[in-house]
Amino acid sequence: MSSILKKTYEWIDKRVQLETLVEFMGKKYVPVHRHSIWYYFGGVSLFLFIIQVVTGILLLLYYKGSEQLAFESIQFIMSKVQFGWLIRSIHSWAANLFILSAFIHMFSVFFERSYREPREITWITGMFMLFLGMGFGFSGYLLPWNELAFFATKVGTDIAGVLPFVGKPIMVFLRGGDEVTGATLSRFFGFHVAVLPGIFTVLLSIHLVLVQRQGMSEPMGMENVPASERKTMPFFPNFLLRDLLFWLIVLNVLAILAVFFPWELGKKADAFASAPAGIRPEWYFMFMFQTLKFIPAKVLFIDGEVLGVLLFGAAGLLWMIVPFWDRKSSRGEKSRLINYVGLFVVVYIIIFTTLGYVL
Amino acid sequence: MDGAGNMQSEKSKRDFLKYVLGGGLMAWVASVVYPLFAYLKPPKQAEVEVSSVKVGKLATIEKDSGTIVRFGNKPVILLRTSNGELRAFSATCTHLDCTVQYRKDLGVIWCACHNGKYDFNGKNIAGPPPRPLDEFRVVVQGEEVFISKNA
Ligand code: HEM
Ligand code: FES
């Protein structure tokens with residue numbers, strides 16, 4: 001058996017030089033230090049994304065993306081298809097864990113200043129992937145065509161519509177019309193299973209190639225530590241095996257959540273029913289949503305919502321281009337400002353998310 | 001032909017090529033981008049033009065109640081006050097588009113999405129809604145109740 005494997009390996013190696021690939025991966029060293037644990041969250045996000053692709057494709061075999069059939073097709077998946085409930089529950093739970101893990105990954109990169117020169121492109125592709133991830137969540141949320149999702153989508157797309165000049169066209173583009181209808185469902189379905197995965201895959205490839213080529217960034221100040229005292233471990237196979245162990249843990253957590261807290265379906269959306277109480281966006285939009293509630297209807301002569309959307313847009317942009325304004329870190333000096341900004345954002349998100357659920 | 005003239009004509013030839021290629025490229029981009037954007041813009045659906053809908057018999061509409069009625073493809077809320085008066089408003093919240101409902105216990109039109117409230121005249125009285133609800137006309141002909149657009 002093992003000789004067959006060996007022969008196969010040699011056969012392929014002779015044609016595509018696997019040796020260099022192994023060498024390429026083996027040359028990367030992962031720094032070992034007390035913050036090493038954070039290095040795993042990128043890998044966890046990757047793992048969860050792969051799960052989404054696999055379970056998403058499985059759902060596609062039975063899901064029907066139309067106003068008349070979407071809800072019913074998911075009922076069918078959950079009650080008739082063997083293990084259908086499990087696949088759907090995994091897709092829903094992994095979606096949330098994916099966003100959570102991506103957020104943790106982003107903040108750890110931020111506090112480590114790993115975005116500093118020469119890894120600006122890695123940071124920016126990562127940020128775009130996080131936005132796309134939220135887009136996946138927003139579009140996927142509507143697909144079951146239930147009451148909660150229907151109104152959450154109305155509110156979400158209407159918020160986009162408040163922007164001056166570009167708002168209305170964006171809203172109409174997203175909704176596929178002036179209202180949230182079956183046309184919206186078709187569009188969101190297309191975004192969710194084709195447009196977003198396509199763009200995401202391109203970004204992910206760039207992100208991973210860069211990480212592999214540039215190697216892992218070392219924590220700031222590591223340059224001053226004598227080389228003999230710097231600890232590292234080879235990416236292949238040492239770190240990869242640890243990665244796999246971590247993935248196994250995540251898989252267990254996911255399985256427990258998906259089995260013991262199966263995802264609800266709720267009531268079918270009805271454009272001629274009143275909005276039920278408890279309409280809320282997914283938790284990762286909550287801090288923005290809650291902020292909008294606190295901004296008065298009019299600030300000076302600007303609409304509260306417009307102001308909120310513009311502020312979040314500006315903040316997001318600043319956050320995304322941090323490698324370009326934080327010159328200090330690129331020069332190797334520790335900037336306190338970055339710590340304060342990061343801490344402020346983390347605390348803000350936690351407080352406003354909590355408020356969204358308790359108020 | 002002298003050298004300068006030669007160069008002159010070479011240059012104008014090159015310019016000509018530049019314009020043709022540049023213009024061609026632009027035309028090509030436009031002929032790809034324009035249809036693409038036009039395609040993405042959803043066509044205007046022929047609105048179901050309704051001017052009036054029949055709701056039902058007056059006797060079937062309870063006092064102190066509110067019901068959502070289908071008006072073309074828009075929801076309308078029909079209220080009947082405790083003294084029997086009928087009123088109708090657009091049921092689409094002026095805040096962010098949710099569909100409102102009548103809250104007997106509070107005696108207001110209520111929007112669950114962000115706790116917006118309107119009174120019996122459709123006026124926004126609490127919460128985030130920025131404008132009153134559009135009013136519709138209610139007409140009672142014999143036993144039948146009709147709702148129609150406010151002219
Ligand atoms: C290529 C990748 C993907 C495919 C083919 C796919 C496909 C699908 C399909 C067919 C559904 C409808 C079934 C259902 O609602 O249960 C769905 C729902 C959903 N998807 Fe995906 N998906 C993909 C990736 C993702 C990713 C990366 C996320 C991450 C945020 C995500 C989040 C969701 C959510 C939140 C739902 C709604 C779940 C529910 O309430 O049922 N999907 N997806
Ligand atoms: S949508 Fe009605 S209060 Fe916000």
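A polar contact is a pair of N or O atoms within 3.5 Å, where within protein one atom must be able to donate a hydrogen and the other to accept it, and where residues adjacent in sequence count only if both atoms are side-chain atoms. By this rule, 7 residue pairs, both residues at pLDDT 80 or more, are in polar contact between chain A and chain B. This is a predicted model, in which local features need pLDDT of at least 70 and side-chain atom pairs count only at pLDDT 80 or more, whereas totals for chains, interfaces and linings use all residues. Residues are numbered from 1 along each chain as its sequence is written, chains are lettered from A and ligands numbered from 1 in the order in which they are written, and side-chain values use heavy atoms, with hydrogens and water left out.

**Interface of chain A and chain B**

- With contact taken as heavy atoms within 4.5 Å, 24 residues of chain A touch 23 residues of chain B.
- The buried area, meaning the accessible area (1.4 Å probe) that two parts lose on being put together, summed over both, is about 1,800 Å², and carbon and sulfur atoms give 60% of it.
- Phe272(A), Ser274(A) and Ala275(A) supply 32% of the area that chain A buries against chain B, more than any other three residues.
- The interface holds 2 salt bridges, a salt bridge being a side-chain nitrogen of Lys or Arg within 4 Å of a carboxyl oxygen of Asp or Glu; Lys44(B) and Asp178(A) meet in a salt bridge at 3.9 Å, N to O.

**Iron site**

- His91(A) and His192(A) each coordinate the iron atom of ligand 1 through NE2, at 2.0 Å, where donors are N, O and S atoms within 2.8 Å of the metal (3.2 Å for Na, K and Ca) and water is not among the atoms, so sites may look incomplete.
- The arrangement is octahedral because the 6 donor atoms around the iron atom subtend angles of 87 to 179°, the rule for six donors being that opposite donors are over 155 degrees apart and all others between 65 and 115.
- His91(A) lies in helix H5 (residues 84-112) and His192(A) in helix H9 (residues 182-214) of chain A, 101 residues apart, with helices being DSSP runs (H or I, at least four residues) numbered from the N terminus.

**Local features of chain A**

- Glu10(A) forms a salt bridge with Lys6(A), with the closest N and O atoms 3.6 Å apart, and both residues lie in helix H1 (residues 2-16), 4 residues apart.
- The peptide bond from Glu117(A) to Pro118(A) is cis, with omega near 5°, and Pro118(A) is placed in the loop between H5 and helix H6 (120-142).

Methods. Tetrahedral: all angles 85-135°; square planar, octahedral: opposite > 155°, others 65-115°. Helix = DSSP H or I, 4+ residues; strand = E, 2+ residues; numbered from the N terminus.
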